[in-house]
Amino acid sequence: MTKPMGKTLTAIALAAVAFGTVASADESASLVVNGDIEMVTRTAAPAHLSDSLDEVISGWVFRSDETQELQMDDFDNPGMIFVDQALEQWEMVEGTKDKSCASCHGDVEESMAGVRAVYPKWNDSQEKVYTMAMQINDCREMGMGADKWKYTGGKMAAMEALISVQSRGMPVNVAIDGPAEATWEMGKELYYTRTGQLELSCANCHEDNYGNMIRADHLSQGQINGFPTYRLKNAKLNTVHARFKGCVRDTRAETFKPGSDDFVALELYVASRGNGLSVEGPSVRN
């Protein structure tokens, strides 16, 4: 992805049409799941965002009342169907080593508590930043002798949702220092780089224009604490990299491949922008 010299007159005109008037979010919106799990949906921005944002806000706040309500009860949340499917998968013996996820990790509620909150994270043995999807496939290939799953496929999304559920309500706490810093810097560069025929960056929508309407949708800050997320638009669970791919495509640019170094770096950076917000996955969005 190359960095253009500046906005063209055409891009300026398109942006003026795309971004509508400000639509104020409900300042009193409060997310409590099952009447028990209290979620932090607004909090002070992490220190590394001090020059850009004062507050970080979950995408849940920007949704309609009806969509918000779907996430407040697991019986109504359509994403929980896939969590149930993944729970069966957790116990399923596969591969040449005749093992399941449970063979190594035991009870998912105990072993996976807190895991989602710290991913992506630096992997010492592989000497690079790992996403949760990368770790899942490593476990399948090396631990079970089973085939890898498609990076943005249904089984991967469901397993990520199952693991995420065990951390719901915990604060996102992604580390960006030490050996992960270079990857984080790469992700930050991608976040602020204008791309595509529309010459838009992630920041143009999710930092400069959150709270505004774009076409018929209410722009959020693009936080990923709720992923994987069930989108009413396509009636399935969506992974972070699938959403990244769609966003880049919407700028009319050539996108990166899910699981690529570029998207891994972008995921680390975007995840770090939500440090302090609660893990919500699987969330419900438009």
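The legends below describe close-up views of a predicted model. Local features need pLDDT of at least 70, side-chain atom pairs count only at pLDDT 80 or more, and totals for chains, interfaces and linings use all residues. Residues are numbered from 1 along each chain as its sequence is written, and side-chain values use heavy atoms, with hydrogens and water left out.

**View 1. An open sheet of 3 strands has the order 11-10-12.** Strands are DSSP runs of E with at least two residues, and helices are runs of H or I with at least four, both numbered from the N terminus. Two strands pair if DSSP finds at least two bridges between them. The pairing in this sheet is mixed. Strand 11 (236–238) and strand 12 (283–285) are the edge strands, each pairing on one side only. Strand 10 (residues 229–231) runs parallel to strand 12 and is joined to it by 3 bridges. Tyr230 stands opposite Val284 in strand 12.

**View 2. The largest nonpolar core has 56 residues.** A nonpolar core is a set of buried Ala, Val, Leu, Ile, Met, Phe, Trp, Tyr and Cys residues joined through side-chain atoms within 4.5 Å. Buried means under 20% relative accessible area, exposed over 50%, and partly exposed in between, with a 1.4 Å probe and protein chains only. Residues with the most contacts inside the core include Trp90, Met159 and Leu162. Helix 7 (154–165) is one of the elements that give two or more residues to this core, and helix 7 gives the most, with 8 residues. A second, separate core of 9 residues includes Val33, Ile37, Ile57 and Trp60.

**View 3. Helix 3 crosses helix 7 at roughly 95 degrees.** Axes are lines fitted to C-alpha atoms, for helices over the stretch in contact, and angles run from 0 to 180 degrees between N-to-C directions. The two axes come within 8 Å. Contact means heavy atoms within 4.5 Å. Among the residues making the contact are Val83 and Trp90 of helix 3 and Ala158 and Leu162 of helix 7. Leaving aside neighbours within four places in sequence, Leu162 is in contact with Val83, Ala86, Leu87, Trp90 and Val108.

**View 4. Helix 6 crosses helix 7 at roughly 105 degrees.** Their axes come within 10 Å, and the angle makes helix 6 roughly perpendicular to helix 7. Met132, Ala133, Ile136 and Asn137 of helix 6 meet Met156, Met159, Glu160, Ile163 and Ser164 of helix 7.

How values were computed. Angles under 35 degrees count as roughly parallel, over 145 as roughly antiparallel, 65 to 115 as roughly perpendicular and the rest as oblique.
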